[in-house]
Amino acid sequence: MLKWYEVKEQAAGHKRLMLLWYIYKIAGKKTVQFIVFFVTLFAFSGATAIRKCSQKFQKIATGNGSIVQAFKHFLSYAYMLIDIMEISTDNFGVKNIYFTDEQEKQILFDDFNAKKGVCFLCSHLGNTNAMRTFFKSGTEIDWIKVNMFLEVNQCKIFKNFLSEIASDNPVNVYPVENIDLTTSIEVKHKLDEGEIIFIAGDRVSAQNPKAVFCADFLGHKANFPEGAFRFSLALDVPVYFIICTKEKDGRYAIYLKKFAFTGKRREKLAELQKQYITFLENLTKKYPLQFYNFYDFFN
């Protein structure tokens, strides 16, 4: 079985990414998308292993495991990377992103303004990076400091490229490869000061692949990282599930749900896992081409 941390980066290389960036600045996004279509087609033809994983997933999620459906999956991911490039600069404004539920948004903003600290359990469905737009200078919550746990050894070329072109980077990144007790203490202190943190709950730890729980997802068994959920509860702050998906009008929609449960710690952990998976599963059914896990997701 192909694990996510075994998937090799498909980036075009730093020089070619910079060339795309210059083309974007001169000719615009549509021109870059036109070029990326053919780049993706070339990459797709040679990526046999992850293409098969895409077909398998799309067959389960949509009933269509064709080559064409898999290519649409690849292309959706490629276009999402262009969006991330745009989001990392001043070319993506708050008008391009909105909350689907104003009541949930108000609950979240109340927690922000109370400076409680917030933990977001996110995923690789959609593009959580779009949320960064809200925390850039000039927005109503630009005072909030953002922290994120990421696998820094993955997608190094693309991440280095983003660091070079970024006009404003309000995110502090913690490498999940180096988490220890000191990291936990530091994060807890930041949350107590009203900062927020993003943790992905849909990928098994590369450092501890056996620390998982198995759950039903789209009618099949899949493993999820137990540590992400235990860590979220241990922080003792409001926990939200969040997914940002791209809509037909080109904007991003934010789906949000605050975790709420009263019970013993073990029961609370089980309920957190259950609610997260239900949240992720429902939106995966709605946006299967935006589920960007190109590996053997199911057991």
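This is a predicted model: local features need pLDDT of at least 70, side-chain atom pairs count only at pLDDT 80 or more; totals for chains, interfaces and linings use all residues.
Local features need pLDDT of at least 70, side-chain atom pairs count only at pLDDT 80 or more, and totals for chains, interfaces and linings use all residues. Residues are numbered from 1 along each chain as its sequence is written, and side-chain values use heavy atoms, without hydrogens and water.

The protein chain holds 9 helices and 9 strands (DSSP runs of H or I, at least four residues, and of E, at least two, numbered from the N terminus). Of its 299 residues, 49% are buried (under 20% relative accessible area, 1.4 Å probe, protein chains only). Contacts are heavy atoms within 4.5 Å. Among those with a separation of 6 or more, 76% join residues 24 or more positions apart.

Helix H1 (residues 14-27) meets helix H2 (residues 29-46) with axes within 7 Å, crossing at roughly 140°. Axes are lines fitted to C-alpha atoms over the stretch in contact, with angles from 0 to 180 degrees between N-to-C directions. H1 contributes Leu20, Ile23, Tyr24 and Ala27; H2 contributes Lys29, Thr31, Val32, Ile35 and Val36.

Helix H8 (residues 226-234) and helix H9 (residues 265-286) have axes within 10 Å that cross at roughly 120°. H8 and H9 are thus also oblique to each other. The contact involves Glu226, Phe229, Arg230, Leu233 and Ala234 of H8. From H9 come Arg265, Lys268, Leu269, Leu272, Gln273 and Tyr276.

Technical notes. Buried means under 20% relative accessible area, exposed over 50%, partly exposed in between (1.4 Å probe, protein chains only). Angles under 35 degrees count as roughly parallel, over 145 as roughly antiparallel, 65 to 115 as roughly perpendicular and the rest as oblique.
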